Amino acid sequence: MEQTDHPQHFGLLQSFDALFPSEDACIDLLFPLRWPQGFVCPFCRTCHPSIGPRRYPVCPHCGNRSSLTTGTLMHGAKKPLRDWLLTIWWFSAAPFDVSAKELQRLLGLSCYQTAWTWLQKLRLAMGRADHHPCKGVVEVVCDTVAPAYERRERALVLTAAEIVLSLNITGRIRMRHVEGLELNSLLLFLRDTVQPQSTLVVSEARLLELLQGSSSYAVASADPAPSAAQPTRAQELNRSFETCLHTVHRGGVTVKHLQLYLDEFCFRNNASLLPDHQAVFRSLLAGVLAESIGDYRQVVQGTAPSRQRQGRGRTP
């Protein structure tokens, strides 16, 4: 790990070193999170609660040697677990404007591609971890997003924004890139992101038409109708996301990887609902441990399950 003089990193490094002073401390954290009921052999599926924390447990039943990272987003990683936890600790506290170059400097990595892949995996983990639905009164819009000014690519994005009426603020948000606005894609999005019996506030005629006769949600038309001068909360979120892409990543994000950045944007917004940084860290860590993705090529090709990817290119 490379020491950094960046003032924003210094405090994070100090707190991280206090919590995880060694590789063994990282294993002690990860082992019970990975196997809450005790080590489960991925080959013969037998459970062994008596096996204590270790990175490479050996199954007493079948003799197979497993790894603490098997079946997770850290699968196959050769770097120390402490580097992974530092990356998760740093990324969970960082704003939306961090880059792979910063991670490369933080860890002292010789390869930019490794840093880029790790961040893409963490963005995927944010989508896995942030699965709580919006509820109550929820604005829903469908709008286009331009990942880069200089390219003509446009992406259709469905956005759900929870309205906390008592405080007049925006609560939890969820966003998804869709190929087109059709009944099936809309219902799938609502099923995954909005609690049934919620009230959907809709301003677009096409959405109102598709939701006509819905038995799962109450549907209300936005009043007054939004305009360029007075956009809805969800429309403001889309504009804010688009501005972040243009100012932070400067045209480096393509439609192919857009869902990863939508997941990151939503996770960081929704993280404000958690009590502190440690809660955000554990939430992201749960996403890392929850589901595996393949190697760097799979991330680039956008073949992660249950997410839509398209286009070509490489992101920062």
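The questions and answers below go through the helices, the sheet and the cores of a predicted model.

Local features here need pLDDT of at least 70, side-chain atom pairs count only at pLDDT 80 or more, and totals for chains, interfaces and linings use all residues. Residues are numbered from 1 along each chain as its sequence is written, and side-chain values use heavy atoms, with hydrogens and water left out.

Student: How many helices and strands are in the protein?

Tutor: Helices (H or I, at least four residues) and strands (E, at least two) are DSSP runs, numbered from the N terminus. Counted that way, the protein has 11 helices and seven strands.

Student: What percentage of the residues in the protein is buried?

Tutor: Buried means under 20% relative accessible area, exposed over 50%, and partly exposed in between, with a 1.4 Å probe and protein chains only. The protein has 316 residues, and the buried share of them is 51%.

Student: Why is helix α4 largely enclosed by the rest of the structure?

Tutor: Helix α4 covers residues 100-107. Its buried residues are A100, E102, L103, Q104, L106 and L107. Helix α4 is largely enclosed because the buried ones number six of the eight.

Student: Which residue follows α4, with a positive phi?

Tutor: The phi of this residue is near 70°. The residue is G108.

Student: In which sense do β3 and β4 pair?

Tutor: Strand β3 spans residues 137-145 and strand β4 spans residues 155-164, with nine bridges between them. The sense is antiparallel.

Student: How many bridges join β6 to β7?

Tutor: These two strands run parallel. In β7, S221 is the bridge partner of V202. The number of bridges is four.

Student: In which sense do β3 and β6 pair?

Tutor: There are four bridges between β3 and β6. V138 has L200 in β6 as its bridge partner. The sense is parallel.

Student: Which residues does V137 touch, not counting residues up to four places away in sequence?

Tutor: V137 lies in strand β3. V137 and Q197 are 60 residues apart in sequence and 9.7 Å apart in space, C-alpha to C-alpha. The residues that V137 touches are A161, E162, I163, L165, T199 and V201.

Student: Which residues have the most contacts inside the largest nonpolar core?

Tutor: A nonpolar core is a set of buried Ala, Val, Leu, Ile, Met, Phe, Trp, Tyr and Cys residues joined through side-chain atoms within 4.5 Å. The largest one has 72 residues. Helix α5 (residues 112-129) gives the most to this core, with nine residues. Those with the most contacts inside the core are L85 and F241.

Student: Which residues is F241 in contact with, leaving aside its neighbours within four places in sequence?

Tutor: With those neighbours set aside, the list for F241 is F96, V145, M175, L258, Y261, L262 and F265.

Student: How are α2 and α3 placed relative to each other?

Tutor: Helix α2 (residues 23-34) and helix α3 (residues 81-93) pack at an angle of about 70°, their axes being 8 Å apart. The contact is made by E23, C26, I27, L29 and L30 of α2 with L81, R82 and L85 of α3. Angles under 35 degrees count as roughly parallel, over 145 as roughly antiparallel, 65 to 115 as roughly perpendicular and the rest as oblique. The two helices are therefore roughly perpendicular.

Student: At what angle do α2 and α10 cross?

Tutor: Helix α10 covers residues 277-290, and its axis comes within 11 Å of that of α2. L29, L30, L33 and R34 in α2 meet F281, R282, L285 and L289 in α10. The axes cross at roughly 60°.

Note on methods: Pairing = 2+ DSSP bridges. Contact = heavy atoms within 4.5 Å. Axes fitted to C-alpha atoms, helices over the stretch in contact; angles between N-to-C directions.
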